[in-house]
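The following note is intended for a colleague who is meeting this structure for the first time. Please read the numbered points alongside the sequence and the model.

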Amino acid sequence: MSARQTILDWCNQTLQTDLYKDYAPNGLQIEGREEIRKIVTAVTASRAAAAYAVEQGADMLLVHHGLFWKSEPVTITGWKKDRIATLLAYGINMAGYHLPLDAHPVLGNNAQLAARMDWTTEYRFGEQNLLNAGRLKTPQTLAQLCAGLQNRLGRTPVAVGGEGRVIERIVWCTGGAQGFFQTAIDEGADAYITGEISEAQYHLANETGVAFIGAGHHATERYGIQALGTALAQEFNIETVFFDEQNPA
Ligand SMILES: [Zn+2]
C-alpha cells in the first residue's frame, strides 16, 4: 500500500510532465481514495476499463488517454458522465499521462514499441521530441517490415507507398501522429510508422516514395502504460494489472 500522492509525485517526476505542452492534463484527473494497493493500467479510460478497475477492486485506473481533452466540450454528460460516475462511485482514482508517456526514453510508447520490434533509437527529434529515428538492423522490404509488425502487435498494419524500396532508415511515433509524416520525409526516412492513417498520407506516400505504415493507434500505444505499471510495481508495494481491449483503430 502506498499513498496516492507519493505515486503521482513519482510519475510526474519520472515522466517529467512539466516539460511538455499537452492538450490533456497529465497526472490525477479524477480523485478517489488516498491509499493505493492495486492499479489497473489501460490505454484509454473507457467504460470497459473503468468496469474492469471496479471488478479488480483497484484503487487507481492509470491510462495514456484520460477523459479531458482541450478539443472536447467541458461538460460532463452522456458517456463521459457514465465513466466518471463509475469511478467516483467506487472511489477509484484516474490518472492519465499523455505526451510525457509517448516520449519518455525508456518507459515511453515510442521506446517500448522499439523494444517490441527490436528497433534501435538513434535519436529523438521533432515537436517536443515526439519522433524517434533509427535504422533497421537488417534492411527489409515493406512486406517484411509489415509482417514483423503484424506478428508482434497482433494487428494487420495499413501500408501505403514505398513500392520496391529497401527500408533501412525508419522514423516512428506511436498513436495518432500521421500529421508528422512530412517531418519524417524531411528527415530522410525510408518508412514512417505510426498508429493511424488519414486520407492525405496515401497521396504523400505515393508521391514521395516514402512508405507510410499505420500500425494501429491502440496497438502501438499498449506498451508505455504497461511499462509504467511495471515500474510502479517495482518501486512501490502495489499490484498492477493491464487491461487490454480489441480496438481495431
Ligand atoms: Zn494516443
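**Note on the strands, the annotated site and the loops**

1. V63 stands opposite G96 in β6. The strands concerned, β5 and β6 (residues 93-96), run parallel and are joined by four bridges. Two strands are said to pair if DSSP finds at least two bridges between them. Between β5 and β6 the chain passes through helix α3 (residues 78-89), and this β-α-β crossover is right-handed. A crossover is called right-handed if, with the strands pointing away from the viewer, the path from the first strand over the helix to the second runs clockwise. Helices (H or I, at least four residues) and strands (E, at least two) are DSSP runs, numbered from the N terminus.

2. The model is a predicted one, in which local features need pLDDT of at least 70 and side-chain atom pairs count only at pLDDT 80 or more, while totals for chains, interfaces and linings use all residues. Residues are numbered from 1 along each chain as its sequence is written.

3. β5 also pairs with strand β4 (residues 38-44), in the parallel sense and over five bridges. The chain gets from β4 to β5 by way of helix α2 (residues 47-55), in a right-handed β-α-β crossover. V63 is the bridge partner of A42 in this pairing, and V63 also stands opposite G96. β5 is mostly covered, with six of its six residues buried. A residue is buried if 20 or more other C-beta atoms lie within 10 Å of its own, exposed if 12 or fewer, and partly exposed in between, with C-beta atoms placed from the backbone.

4. H64 counts as buried because 26 other C-beta atoms lie within 10 Å. Leaving aside neighbours within four places in sequence, its contacts are V43, G96, Y97, H98, L101, E221, G224 and I225. Two residues are in contact if their C-beta atoms, placed from the backbone, lie within 7 Å.

5. The "binding site" annotation of the unreviewed UniProt entry also covers H65, D102, H217 and E221. These residues span 157 residues in sequence, yet no two of their C-alpha atoms are more than 11.9 Å apart, so they gather at one spot. H65 is placed in strand β5 and is buried, with 22 C-beta neighbours inside 10 Å. Not counting residues up to four places away in sequence, H65 touches V43, T44, A45 and G96.

6. E221 lies in the loop between α9 (217-220) and α10. Is E221 buried or exposed? E221 is buried, because 24 other C-beta atoms lie within 10 Å. Beyond residues up to four places away in sequence, E221 touches V43, H64, N109, T174, G175 and G195.

7. Three further loop residues may be checked in the model. D118, in the loop between α5 (109-117) and β7 (120-125), has a phi near 65°, a positive value in a residue other than glycine. D118 is exposed, with 10 other C-beta atoms within 10 Å. N129 likewise is not a glycine and has a positive phi of about 55°; N129 lies in the loop between β7 and β8 (131-140) and is partly exposed, with 18 other C-beta atoms within 10 Å. N237, in the loop between α10 (223-235) and β13 (239-243), is exposed, with 9 C-beta neighbours inside 10 Å. N237 touches M1 and S2, not counting residues up to four places away in sequence.

8. On the overall architecture, the protein has 10 helices and 13 strands. The domain assignment gives domain 1 (2-98) and domain 2 (104-220), with C-alpha centres 29 Å apart; such bounds come from an automatic or database domain assignment. Of the 249 residues, 43% are buried. Among contacts with a separation of 6 or more, 64% come from residues 24 or more positions apart. The C-alpha atoms fill a box of roughly 55 × 35 × 30 Å, taken along the principal axes.

Technical notes:
UniProt positions are given in the numbering used here, feature names are shortened, and annotations may be inferred rather than shown by experiment.
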